[in-house]
Structure formats: structure tokens, C-alpha cells
Amino acid sequence: MDLLNTLVDKGLRRELPTREEALAVLATSDDDVLDVVAAAGRVRRQWFGRRVKLNYLVNLKSGLCPEDCSYCSQRLGSTAGILKYTWLKPDEASQAAAAGLAGGAKRVCLVASGRGPTDRDVDRVAGTIKAIKDQNEGVEVCACLGLLSDGQAERLREAGADAYNHNLNTSEGTYGEITTTHTYADRVDTVQKAHAAGLSACSGLIAGMGESDEDLVDVVFSLRELDPDSVPVNFLIPVEGTPLAKEWNLTPQRCLRILAMVRFVCPDVEVRIAGGREVHLRTMQPLALHLANSIFLGDYLTTEGQAGKADLEMIADAGFEVEGAEQVTLPEHRATAAGGCGSHEGGGCGSHENAGGGAHEGAGGCGSHAGGGVCGSAPASAPASAPTPAAAPVAAVGEARTDLVAVRRRGAGTDLAPNA
């Protein structure tokens, strides 16, 4: 397919595809999905080999958010039966992080619901960062606390934070349909602040909220221009009690096309499969590892994920390897001399004249969520060589798979052991 050959050549040169080429990836048929995965997989292997970076979420403060993000189970007015608790103490957060690190994670993502942190909140998080780093040499820490005020990014950097997450989530043109209590420009401003403070920017999107192909391409091209080091791709988890609870539009094939498009547009950044992979990729998760080089281990902020042991087995069975703490995630032209979180001095995936960021499940969310969904496509179909077991019903487009959505009842904020 000429399109795929062109995109591979551009990806190997870190050259930006055209919007028409990106849209064409999303428009490919289910019959061509393996060709799309194979092509984007060449780009992924060029820059990241067969390594898979593991990240672990710790929800520092859950629920009771004043923002009205439609996808989020922690939003203002949410009736979702999620865990609700105020700030974890540093030792509690460090203990929660230890489970993920023991499971192979090299980055801990500290997330708190809310519009943004107060200066006192930044002090709290600084203490938590210190506790985690004192007990775990070499660990990366990403903070995701919502919209930042002047000076707060610098204080987080001084406290030892390596990265900051704030997702764009969707295109600028449709942002107001998803959230009204803050703006797309607010999110861009926060990622600019993280860049300026020297933090590694982490910013991504949520697919499946009813957006068009054009919206998906818009947000990914905006991310390329903003130049984050990592791009988490969330697939909406439609949680009961949120406005998007009825949005069931994704198929595994659609998810793979979205991930491939992101890889072609941002060839040399850490592309992370975040919330919703278990719900929408389902048994095709291993194929997604050929596109993304990073995943979250275990549970998300307010919903349960695949068992950590199953994640590790999936990576090994698919022929990939867990990235070690001593390995630098980003390609040399993006990575800093300190090795680890990367930089944007080398240009890499776009420029950073502008910036944008985010995650969700509150104004924070380190590239994950517990309210996620999907974008439409053709009905899911299993390859003839791998028939779907009778015990695992296949969901057609628009068919709810609420059996795959479970509210988190373990880990941070509970007395039960975490899933890692």
C-alpha cells in the first residue's frame, strides 16, 4: 500500500505526515488493519526497539472535583460509585507506589483530582515525591495535578519531579462540548509552564467521546506541535454516572488504527496505551504493543485494569521486553544527558513553540482515566485462525460492554493490596 510505505519512510525520518495521510490511516478497512500495524510497528521499532516502559498510577486524592469534564468519574455532579478520599500522606503514597515498582514500573504517576493545586498542595506533593525517591533509587516521578499557576512547575521540578502530565484530550474545536469549567487554552498554558520549568511534558488524548476523524487528527497534530516527550492515548471507559456513560463506539480495530496514526504523526515519542485498553482492545492488546512502547501497569485512577501479572505475561508472550530502570526511554536525540525522561532540545516530534497537555479523570490524571470510551468503526471480527471463544462475546459498534468496567476498590485509599 503506497500510503503505508510513504508513512513508514516519513516516520523513519521523523517527518510530519500530511493531514490527508493521517486521516487515511483512520479510514483504512478492518481487512487492512494488520498491514497498518506492521507498518507503524517498523517506526516503533526504529526508535524504541522491542522495549515496553511500565508506568504506575497513584491516585493521591480521589473524587469531589469541581470541574465538569464529561468523561470523568470524579467530575462535579458525578454519581459514579467511586472511591472518594482526600490527600494520601507521603508514606501512604510511597507504599502504594512500591507495589507498582516491584512489578517492574519505572515511572510513578502521582495524580490528584481538582482544578489545580494550591501552593499548600504543591508542598504536599513535594513531600510525597521525596518519600518515593528516598526509597526507590532511579525512579521517575510524573505529577498530574491539574492546571498550574505561575511558579508551581518550577517548585515541582525543585522537589524532584521529572515530568508533568496534562492532556489536551480532544480537539480545540470540540473542547467546549466536553468541558465548560476551563478551556483548551488553559490546558495549553499548563503544558507550556511544564516545558518552561524543564519538566518532561506528558500530554495526550481521549478517543471515543463522539469525536470525528478530523478531531482526532487535529488533537494529534496539536500534540506534535506542542512536542511532549510522551503521548498517552486513552480510550474512553464509559462509567455509569457520567454524561458519556452511553458512548460505546470503539472496536479493537479502530483502537489499533488510532494508535498507528499517533505513531506515524509522533514517531519518536513515548506513545503510551493508557486507560481503556482492556475494555476496547481486549484480546488484541498484544498487537497494540507493536504501536505503543509504554503502558500502565495494573489499575487506573478509579477503575480496575488488567492484573499486573497478566500485563507482564502479555509483554513476554508478544516477544517484547520490559524496559529496565537503567535504560533511557527516549531516542538519543530526545533524551537528556541525565538519561530517563528525555528533552525537546533535539526537535524530535515537532517543535514546542506552543504547548498543550493533560490527562483525565479530574483535571489531572497521568495519561490514564477511569471514564473512557471509543470512536466508531466497523463491527469487530476475529481472524479466521483465531475464533472468538463462546465465553467471550464480541461487541459490535455501539454495544455496551459494561461487564468489562469495574470500579477500583483496592490499592490507594483502601486497606486492600493494590493490583500490580
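Me: Which helix holds V265 in this predicted model?
Reply: This is a predicted model, so keep that in mind as we go.

Me: Is V265 buried or exposed?
Reply: The cut-off for buried is under 20% relative accessible area. V265 has a relative accessible area of 1%, so V265 is buried.

Me: What span should helix α10 have, and how far apart are its end C-alpha atoms?
Reply: Helix α10 covers residues 252-265, which makes 14 residues. At 1.5 Å a residue, the helix should span 20 Å. That agrees with the model, because the end C-alpha atoms of α10 are apart by 20 Å.

Me: Where is L216, and is L216 buried or exposed?
Reply: L216 is found in helix α9, which runs over residues 213-226. Its relative accessibility is 1%. Buried means under 20%, so at 1% L216 counts as buried.

Me: What is the C-alpha separation of L216 and A22?
Reply: A22 turns up again here, this time with L216. The two sit 194 residues apart along the chain, and their C-alpha atoms are separated by 9.4 Å.

Me: What about A335: buried or exposed?
Reply: A335 lies in the segment after β10 (321-322). The buried label needs a value under 20%. At 18% relative accessibility, A335 therefore counts as buried.

Me: How far apart in space are A335 and D229?
Reply: In sequence, A335 and D229 are 106 residues apart. Going C-alpha to C-alpha, the gap in space is 9.0 Å.

Me: How many aromatic pairs are there, and what is the arrangement of Y175 and Y184?
Reply: The count comes to 2 aromatic pairs. In one of them, the rings of Y175 and Y184 are 6.0 Å centre to centre, with 70 degrees between the planes. Both tyrosines, Y175 and Y184, are buried. Their arrangement is edge-to-face.

Me: What arrangement do F296 and Y300 have?
Reply: The ring centres of F296 and Y300 are 6.5 Å apart, and the planes meet at 75 degrees. An angle over 60 degrees is the cut-off to apply. So the pair of F296 and Y300 is edge-to-face.

Me: What relative accessible areas do F296 and Y300 have?
Reply: F296 is buried, with a value of 0%. Y300 is buried too, and its relative accessible area is 3%.

Me: Which ring does the charged end of R50 sit over?
Reply: Arginines lie over rings at more than one place here: R19 lies over the face of F221, at 6.0 Å from the ring centre. For R50, the charged end is 4.4 Å from the centre of its ring, and that ring belongs to F320.

Me: How many cavities are there, and what volume has the largest?
Reply: The count is 2 cavities of 30 Å³ or more. For the largest cavity, the volume is about 100 Å³.

Me: Which strand gives the largest share of the lining of the largest cavity?
Reply: The lining has 13 residues, and Y56, L57, R408, G411 and A412 lie nearest the centre. By kind, the lining divides into 7 nonpolar, 3 polar and 3 charged. The largest share, 4 residues, comes from strand β1.

Technical notes. Residues numbered from 1 in each chain as written. Predicted model: local features only at pLDDT ≥ 70, side-chain atom pairs only at ≥ 80, totals over all residues. Heavy atoms only, no water. 1 Å grid on protein atoms, 1.4 Å probe; cavity = no way out; pocket = protein on both sides within 12 Å on 5 of 7 lines; lining within 4 Å. Points joined across faces, edges and corners; volume = space filled by probe spheres on them. Helix = DSSP H or I, 4+ residues; strand = E, 2+ residues; numbered from the N terminus. Nonpolar A, V, L, I, M, F, W, Y, C, P; charged D, E, K, R; others polar. Expected span 1.5 Å × (residues − 1). Buried < 20%, exposed > 50% of the residue type's maximum accessible area, 1.4 Å probe, protein only. Phe/Tyr/Trp six-rings, centres within 6.5 Å; stacked < 30°, edge-to-face > 60°. Lys NZ or Arg CZ within 6 Å of the ring centre and 35° of its normal.
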